[in-house]
Amino acid sequence: MTITDKNEFQSGVKRVIISEEEIQREIKKCADWISQEYEGKPLLLVSVLKGAFVFLSDLSKEITIPCEIGFMAAKSYFESTESSGDVQILYDLTQDISQYHVVIVEDIIDTGRTLSAIIELLKKRDPLSLKLVTLLDKPDRRLIKLRADYTLFTIPDYFVIGYGLDFGEYYRNLPYIAEYNTALLD
């Protein structure tokens, strides 16, 4: 799939479900929580690429305490609207996390498969603590018992795009969260 036309790009947006203003307001609250929770502690924010990079960027700018940032990349969608169930770690952390309180910064918890695999991998590395912050939680799709320590928004079972979330690598640059127009798949 290649999209080069603006109208074709915009046709993928069925409707906006969370505005840019709502996202920024909730990010500030989350950053305040992190700043209070980890004051005086070595903090590592771990972004799960690619989807969480926009969220991590905005969140880290609002955090008022020292922190480091690390990146991981995992894949389970493979250009589909359904998780394959096969989780692959494509890029791993370079930091030794045993001296950090680690906060995973995720874009969305859907089935839970990807995050569960990441959490298990990180637990084996003995961080001082491990918590999960997610922009979006979609509990209706959960296949694995998993709960975030901090959730900004809980959403119904829509396939969503924008604010880092994609369909076929497109739509990450939208400043809001939108429902993808799945009618385009027919």
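1. In this note, a residue is called buried when its relative accessible area is under 20%, exposed when over 50%, and partly exposed in between (1.4 Å probe, protein chains only). Helices (H or I, at least four residues) and strands (E, at least two) are DSSP runs, numbered from the N terminus. The model is predicted: local features need pLDDT of at least 70, side-chain atom pairs count only at pLDDT 80 or more, and totals for chains, interfaces and linings use all residues. Residues are numbered from 1 along each chain as its sequence is written, and side-chain values use heavy atoms, with hydrogens and water left out.

2. Helix 3 has Val54, Phe55, Leu56, Asp58, Leu59 and Ser60 as buried residues. Their cover includes helix 2, strand 2, strand 3, strand 5, strand 6 and strand 7, where contact means heavy atoms within 4.5 Å. Phenylalanine 55, not counting residues up to four places away in sequence, touches Ile27, Val105, Glu106, Val133, Thr134, Leu135, Leu152 and Tyr163.

3. A nonpolar core is a set of buried Ala, Val, Leu, Ile, Met, Phe, Trp, Tyr and Cys residues joined through side-chain atoms within 4.5 Å. The largest such core has 29 residues, and Phe55, Leu59, Leu135, Leu136, Leu152 and Ile177 have the most contacts inside it. Two or more residues each come from helix 2 (20–37), strand 2 (43–49), helix 3 (53–62), strand 5 (101–109), strand 6 (129–137) and strand 7 (150–154). Helix 2 gives the largest share, five residues. A second, separate core of 18 residues includes Val48, Met72, Ala74 and Leu132.

4. In helix 4 (residues 113–123), the buried residues are Thr114, Leu115, Ser116, Ile118, Ile119 and Leu122. Among the elements covering them are strand 3 (68–75) and strand 4 (88–91).

5. Six aromatic pairs are found in the whole structure. Rings of Phe, Tyr and Trp (its six-membered ring) pair if their centres lie within 6.5 Å; planes under 30 degrees apart count as stacked, over 60 as edge-to-face and the rest as tilted. Phenylalanine 159 and tyrosine 180 are edge-to-face, because their ring centres are 6.1 Å apart and their planes stand at 75°. Phenylalanine 159 is buried at 15% relative accessible area, and tyrosine 180 is buried at 3%. One aromatic cluster is formed by Phe9, Phe159, Phe167, Tyr171 and Tyr180.

6. An open sheet is formed by three strands in the order 1-9-8, with antiparallel pairing; two strands pair if DSSP finds at least two bridges between them. Strand 1 (13–18) and strand 8 are the edge strands. Isoleucine 161 stands opposite alanine 178 in strand 9.
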